[in-house]
Amino acid sequence: MDKIGVGYASVTDIEKRYVMDALDNERLSQGKYVNQFEREFARAHGQKYGVMCNSGTSALHLALETLKEVDGWDEDTEVLVPAITFIATSNACLHAGLKVTFVDVEKETYNMDPADLERRISEHTKCIIPVHTFGMPCNMNAIMAIAKKHGLRVIEDCAEAHFAKVNGVSVGSFGDITCFSTYVAHTITTGVGGVVCTSDRHFMEILRSLVAHGRACTCERCIASDGKTVCPKRMQTDLDRRFCFERIGYSYRVGEIEGALGLAQLERKDEIMGKRHENANYLIQGLEPYEELIQLPRHPENIEHTYMMFPIVIREGTGIRQKDFVLYLEKCNIETRPMLPLLNQPIYQKLFGDLEPQYPNAAYIDHNGFYVGCHHGLNREQLDYLIDCIGKFLEPYRK
Ligand SMILES: Cc1ncc(COP(=O)(O)O)c(C=O)c1O
């Protein structure tokens, strides 16, 4: 059996056609593909504006810098981040010179626990970053109610949950600003990349400025200047507004090749999502006999999970060791990954000390969980093999 990997990027004729068109147009910097992808991707997540950038981490950094400027946050400002997420979420806060306060997660969803969230709020707290981990939406009703009660901003980290929904409402539509990664193996991919979305025009203008060195003019005609359309405001000041810088910005832009890939992948969204759902449901059904031993990614009917990964957590009191389980699967040529451990990362232990005892649920998941793939590239034979291998390992532990 070929290796069963956790991630997959499929490139079909549509991606090739759009990328070739971008190359034929001889326009590699931002142009029509980036503009269209930004608009359609934002709309698909209930936001008016999208700004494409070079990574999900950059998207988070831009979002934080924007709110920092608008609200005048100082260096004591604290941002609440779940204790299980990819390290980029909390790193982006540190890049923006802000303080991170971790919040424990729910045992069942692996997402930020609203009860613990409220306990961690201090006088310095200004923002919450809920992360829809592994494709499972957070309890946004509870989180938004807490944000409203305490006057806090919300930046949604949707890197792992493109198109996920709660009661038919898309994730990414709740926060002030929403961030996505389109790195390889994310639900839709542009190779490397990210998108930051908002419905606030002022935020969008700052985001567009920050993504391109802090430039003054952020309108499409200036950014995607193809020589044919000229922005009437461009020469209104002494400096051409494309080369007039109003803030210390970043070089986080992408170009037409990423835009073309993104647009093509967006057109294939239903096909990609459909296959992921089918595969995840097949795995859940196949592993059902072992649910007394392992927790599977089940969810209520009002949730549309996107199964960016397939998390498995060993239940308490089973005597199963995470390491033995993972090594067994790796020997079977099935790739596994840890469940985004954060608090026990060497750099965070150095920065924050031993935090694990304060976050019992995150600590349990770190030491008892892992994930495998359920992506759109897996076929029935591979899924049956995966179920069979997991079953063979678990069989001796069944009562
Ligand atoms: C939850 C989360 N946030 C942020 C990121 C960062 O995205 P990127 O790798 O594109 O910088 C990732 C990446 O996988 C992620 O999973």
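**Stop 1: the second largest pocket**

Select helix 2 (32-44), strand 1 (49-53) and helix 7 (201-211): each gives at least two residues to the lining of the second largest pocket. Remember as you look that this is a predicted model. Which element supplies the largest share of this lining? Helix 7 does, with 7 residues.

Of the 23 lining residues, Arg-201, Met-204, Glu-205, Arg-208 and Thr-218 are the closest to it. The pocket has a volume of about 410 Å³. Colour its lining by class: you get 12 charged, 6 nonpolar and 5 polar residues.

**Stop 2: the largest pocket**

Next, select Phe-86, Glu-160, His-186, Met-308 and Leu-340. Of the 34 residues that line the largest pocket, these are the closest to its centre. The space here is about 690 Å³.

Then colour by domain. Domain 1 (13-267) and domain 2 (269-397) each contribute at least three residues to this lining.

**Stop 3**

Rolling a probe the size of a water molecule over the atoms shows where empty space is left. How many cavities of 30 Å³ or more does the structure hold? There are 2.

Go to the second largest cavity, with a volume of about 60 Å³. Select its lining: Glu-108, Thr-109, Tyr-110, Thr-133, Phe-134, Met-136, Pro-297, Arg-298, His-305 and Pro-311. By class, that is 5 nonpolar, 3 polar and 2 charged residues. Why does this cavity lie between domain 1 and domain 2? Because both domains give residues to its lining.

**Stop 4: helix 6**

Select residues 140-150, which form helix 6. Highlight its buried residues: Met-140, Ile-143, Ile-146 and Ala-147. They span an arc of only 130 degrees around the axis, so they sit on the same side of helix 6.

What covers these buried residues? The cover includes helix 5 (114-119), strand 4 (125-128) and strand 5 (153-157). Turn to the face of helix 6 that points away from its buried side. There you find the exposed residues Asn-141, Lys-148 and Lys-149.

Finish just after helix 6, at Gly-151. Gly-151 takes a positive phi of about 65 degrees.

Methods. Residues are numbered from 1 along each chain as its sequence is written. This is a predicted model: local features need pLDDT of at least 70, side-chain atom pairs count only at pLDDT 80 or more; totals for chains, interfaces and linings use all residues. Side-chain values use heavy atoms; hydrogens and water are left out. On a 1 Å grid over the protein atoms alone, a cavity is a set of points where a 1.4 Å probe fits but cannot get out, and a pocket is an open set with protein on both sides within 12 Å along at least five of seven lines; lining residues have an atom within 4 Å of a point. Grid points are joined across faces, edges and corners, and a volume is the space filled by probe spheres set on the points. Domain bounds come from an automatic or database domain assignment. Helices (H or I, at least four residues) and strands (E, at least two) are DSSP runs, numbered from the N terminus. Ala, Val, Leu, Ile, Met, Phe, Trp, Tyr, Cys and Pro count as nonpolar, Asp, Glu, Lys and Arg as charged, and the others, Gly among them, as polar. Buried means under 20% relative accessible area, exposed over 50%, partly exposed in between (1.4 Å probe, protein chains only). The arc is that of the directions from the helix axis to the C-beta atoms. Contact means heavy atoms within 4.5 Å.
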